[in-house]
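Me: Got a model open here and want a quick walk through it. Can we start with the ligand?

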Amino acid sequence: MEKADIGLIGLGVMGSNLALNIAEQGNRVAVFNRTTERTTEFVQSAGALTDRIVPCETIEALAEAIRPPRPVILMIKAGDPVDQQIAHLREVLGKGDSIIDAGNANFRDTLRRFSELKDSGLTFIGMGVSGGEEGARHGPSIMVGGAENAWKRVEKVLVSISAKFEGEPCVAWLGPDGAGHFVKTIHNGIEYADMQMIAEIYGVLRDGVGLEPKEIGGVFGAWNTGRLNSYLIEITEKVLMAQDPETGNPMVDMILDRAGQKGTGKWSVIEAQTLGIPATAIEAAVAARVVSSMKGEREKAQEVYGKLDSGALAGDRAALLNHLELALFAGKIAAYAQGFTVMAAASKEFGWNLPLPTIAKIWRAGCIIRSQFLGTIAEAFQAGGAEDNLLMAPAFVTMMKEAHPSLRHIVARASEAGLPVPALASALAYFDSYRQARGTSNLIQAQRDFFGAHGFERIDAEGAYHGPWGSGLSA
Ligand code: NAP
């Protein structure tokens with residue numbers, strides 16, 4: 001039988017769609033899934049693409065079915081399962097073959113796996129794939145990390161299956177070892193912030209203005225034709241317009257307000273903190289999901305503190321909507337600025353030399369945060385001025401100057417009305433702190449010196465000093 005070009009392990013939601021995508025692009029793909037029935041079902045459902053799919057019942061058979069040098073994609077549950085599969089693949093693959101972990105791995109696991117496979121003769125690629133089920137099937141955004149020569153061997157097939165933005169493939173080799181999985185993690189962190197800020201604006205319109213889901217959907221639909229144009233705004237409109245087939249009520253009203261998370265948002269926050277980079281909007285978004293999970297406690301707290309008065313923000317609707325659109329835009333700018341700053345810091349820390357404009361470009365299609373806005377980010381990095389922070393790029397200075405007064409207005413009005421807008425408020429606080437030349441940590445330094453003799457720097461002289469705190473600590 002003709003050998004396959006590539007192998008794929010894991011026929012869950014992502015793997016099965018990715019396998020169909022690979023086959024559709026003219027590649028022969030050998031597939032294996034731990035539960036064999038799933039493989040059988042998959043092949044039966046593959047329709048016209050069946051001819052290009054080689055089902056395998058064992059990993060040994062999978063290895064046999066691929067033409068050397070053999071690339072094998074792992075698209076399985078992250079964590080221990082990946083280590084188990086790698087251990088098994090080491091037994092059946094040989095020199096020059098590649099293992100490509102395409103799941104949502106913690107990049108620190110990817111770094112460890114690189115080091116474990118260093119002398120094995122196998123090459124390893126840590127590959128972030130974004131776009132969910134639809135992306136996997138018709139073109140995801142793909143973030144590749146590993147040795148450049150390993151990437152070269154799989155470039156053709158990855159380019160063929162990736163999303164395209166105006167013809168440009170949304171896949172790139174981003175750097176060695178953990179670079180791809182790190183970038184995917186930050187992508188997801190930004191996604192958390194983006195989604196949370198959209199949900200906060202929905203909350204203002206629902207509870208502050210008293211609009212019905214369909215009306216709010218209309219607002220998002222209108223915004224999707226302007227500066228906020230993006231996949232997330234597009235699906236938000238669709239979600240808000242949908243009707244529950246069971247009750248006839250708006251679907252969104254029938255969904256419990258308790259959101260789950262799988263870890264990439266939390267990892268973004270942990271890595272940002274470890275690198276010493278503020279990513280406050282992402283942190284707020286992760287925390288908001290945690291608070292959302294405390295449904296029972298929130299119900300009790302509402303009984304104790306009372307329910308908000310709905311409609312506190314009703315009034316000049318056109319003006320409010322204009323402020324909301326700009327507030328969301330300003331919050332989004334701050335969140336993306338944070339995410340890209342975290343990536344820039346990681347790039348230095350791990351010696352990755354991450355191509356930030358390329359990252360923005362490969363997120364323009366295929367992934368969940370895809371938007372025109374990412375093109376503007378790519379241009380800003382290319383034009384220069386964003387080296388320290390996207391907020392300093394000339395194009396972003398102009399946009400932020402226009403938008404931040406509205407973010408301020410909305411955060412203030414929402415806070416007065418008791419409406420939680422934690423990600424928007426964090427984005428605003430970040431911006432206000434970032435652009436304040438003289439902050440307040442002179443007082444923090446004095447306090448630290450007072451209780452711990454940590455010393456401080458003066459504004460008018462070099463060196464370390466102590467203050468006249470009356471305990472003999474003065475310089
Ligand atoms: P899924 O539908 O739950 O499928 C999980 C797959 O992992 C199945 O093929 C399962 O095999 C396999 N698996 C689980 N434990 C295993 C083990 N110990 N040994 C071997 N195989 C094992 O998951 P998914 O949504 O496709 O996600 C796969 C990966 O892609 C994850 O890392 C996920 O985070 C990432 N990802 C998901 C999305 C998304 O939108 N869903 C987007 C981007 C990335 P069985 O059939 O035998 O259980």
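Me: How far is the side chain of Thr35 from an oxygen atom of the ligand?
Reply: 2.5 Å, taken from an N or O atom in the Thr35 side chain. A polar contact here is a pair of N or O atoms within 3.5 Å; within protein, one must be able to donate a hydrogen and the other to accept it, and residues adjacent in sequence count only if both atoms are side-chain atoms.

Me: How much of the ligand does the protein cover?
Reply: 76% of the 900 Å² of accessible area that the ligand has on its own. Areas come from the Shrake-Rupley method with a 1.4 Å probe; for residues, only the protein chains shown count as cover.

Me: What are the ground rules for these values?
Reply: The model is predicted: local features need pLDDT of at least 70, side-chain atom pairs need pLDDT 80 or more, and totals for chains, interfaces and linings use all residues. Residues are numbered from 1 along each chain as its sequence is written, and side-chain values use heavy atoms, leaving out hydrogens and water.

Me: What about Asn33 and Arg34?
Reply: A side-chain N or O atom of Asn33 is 2.7 Å from a ligand oxygen. For Arg34, a polar side-chain atom lies 2.9 Å from an oxygen atom of the ligand.

Me: Switching topic. Where is Pro69?
Reply: In the loop between helix 3 (59–65) and strand 4 (71–74). The peptide bond from Pro68 to Pro69 is cis, with omega near -5°.

Me: And what is phi of Asp177?
Reply: Near 25°, a positive value in a residue other than glycine. Asp177 sits in the loop between strand 10 (171–175) and helix 8 (179–209).

How values were computed:
Helices (H or I, at least four residues) and strands (E, at least two) are DSSP runs, numbered from the N terminus.
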